[in-house]
Amino acid sequence: MAKRQLNRRQNWRIEKIQGERAARAAKRESQALETLEGGDLGPEQTGLVIAHFGVQVEVEALEGELAGQVFRCHLRANLPALVTGDQVVWRPGNQGIGVIVAQLPRSTELCRPDTRGQLKPVAANVDLIVIVFAPLPEPHANLIDRYLVAAEHAGIHPLLLLNKADLIDEQNSVALNALLAVYRQLGYPVLEVSAHEGDGMEQLKKQLDGHVSVFVGQSGVGKSSLVNSLLPGIETRVGPLSELTGKGTHTTTTARLFHFPGGGELIDSPGIREFGLVHVSREDVEAGFIEFQELLGHCRFRDCKHDREPGCALLNALEDGRIQPQRMASYRHILASLPQDEY
Ligand SMILES: Nc1nc2c(ncn2[C@@H]2O[C@H](COP(=O)(O)OP(=O)(O)O)[C@@H](O)[C@H]2O)c(=O)[nH]1
Ligand SMILES: [Mg+2]
Ligand SMILES: [Zn+2]
């Protein structure tokens with residue numbers, strides 16, 4: 001009991017200190033904003049949010065003589081929450097500081113639940129999800145299908161990337177080829193590369209050019225290796241920027257946007273690499289299996305669960321090979337993993 005009270009008192013103290021710290025930061029922020037707004041601000045122009053810090057964002061100028069330069073920006077009150085990848089209207093101040101005036105509409109949003117379980121956007125305007133897998137750790141079709149459902153749900157094109165092609169041998173090649181064939185047959189783009197040996201990397205660079213990508217996939221498949229190979233000297237690129245914001249309260253907590261030297265953008269953070277299937281409904285899962293699209297709504301029973309029902313359009317398609325058994329198994333596996341009320 002005494003211990004719990006002590007903990008409560010400690011917690012209260014910690015919360016108080018954190019609250020005071022946040023209040024001081026907010027005050028500093030509004031004073032800085034006031035000073036900035038009182039000075040000479042440059043014209044309104046478009047920019048790209050490349051990183052997000054507690055109360056500020058880093059914006060890359062997209063047009064005019066400042067294009068390509070990075071500015072730390074204060075946020076005007078009443079702006080919606082900004083994330084990396086957002087396009088904004090902003091005005092430059094002096095000494096690399098600016099003000100965000102407005103957020104431009106997003107084409108896509110990647111969301112994740114926060115610590116309270118609430119879905120929060122973590123990246124905006126991503127248009128390519130690179131789903132990475134490898135001969136080792138052994139790929140699970142089920143996991144790939146989860147990523148595909150997530151990509152379809154977010155309305156973002158997927159690219160299936162088999163890394164560690166140098167590890168393909170007589171023992172694993174049959175199963176791997178069968179796996180790749182399933183996705184090729186569905187019309188998904190599939191690429192084989194080796195981050196270590198460099199095979200296929202030029203092709204990958206071409207596919208990334210012109211897109212804002214994220215890399216996802218299970219641990220150990222080589223995402224870090226791929227990113228390091230595609231972004232040589234990433235540390236030196238990050239270094240000078242973080243000096244600007246190196247104060248304790250401004251440590252980056254979210255994703256950062258990088259430019260691939262070969263063209264295209266990457267939005268990256270550990271959180272994004274683990275991006276998976278969150279908060280989807282039974283309908284979302286069905287919609288995520290693209291080969292189901294022309295069949296859904298054609299079952300005899302309107303509330304068909306595609307399980308054992310007679311006249312089920314999906315089961316008929318499974319029977320005559322229009323749906324591949326492995327995909328049907330994945331579909332059932334994913335459904336069974338949803339919270340009960342969604343199922
Ligand atoms: N043989 C081989 N190993 C690789 C390749 N890419 C990455 N690895 C290795 O796979 C392991 C996991 O790589 P890492 O990039 O940390 O994977 P991550 O967890 O997805 O970020 C490391 O030991 C890498 O050296 C590759 O193309 N070929
Ligand atoms: Mg890694
Ligand atoms: Zn059915």
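**Notes on the metal site and the main pocket**

1. In sequence, the donor residues of the zinc ion (ligand 3) follow the spacing C-x4-C-x1-H-x5-C. The model under review is a predicted one.

2. The residues behind this pattern are Cys-299, Cys-304, His-306 and Cys-312. The cysteines coordinate the zinc ion (ligand 3) through SG and the histidine through ND1, at 2.1 to 2.4 Å.

3. The geometry of the site is tetrahedral, with angles of 101 to 113° among the 4 donor atoms. For reference, the ideal angle for four tetrahedral donors is 109.5 degrees.

4. Turning to the pocket analysis, the largest pocket has a volume of about 510 Å³. Its lining comprises 23 residues, of which Val-83, Lys-120, Pro-121, Val-122 and Thr-254 are the closest to the centre.

5. Which elements each supply at least two residues of this lining? They are the strands β6 (109-113) and β7 (119-124), together with the helix α7 (270-273).

6. At the domain level, domain 1 (39-105) and domain 2 (109-268) each provide at least three residues of the lining of the largest pocket.

7. By class, the lining of the largest pocket consists of 13 nonpolar, 6 polar and 4 charged residues.

How values were computed
Residues numbered from 1 in each chain as written. Chains lettered and ligands numbered in written order. Predicted model: local features only at pLDDT ≥ 70, side-chain atom pairs only at ≥ 80, totals over all residues. Heavy atoms only, no water. Donors = N, O, S within 2.8 Å, 3.2 Å for Na, K, Ca; no water. Tetrahedral: all angles 85-135°; square planar, octahedral: opposite > 155°, others 65-115°. 1 Å grid on protein atoms, 1.4 Å probe; cavity = no way out; pocket = protein on both sides within 12 Å on 5 of 7 lines; lining within 4 Å. Points joined across faces, edges and corners; volume = space filled by probe spheres on them. Helix = DSSP H or I, 4+ residues; strand = E, 2+ residues; numbered from the N terminus. Nonpolar A, V, L, I, M, F, W, Y, C, P; charged D, E, K, R; others polar. Domains from an automatic or database assignment.
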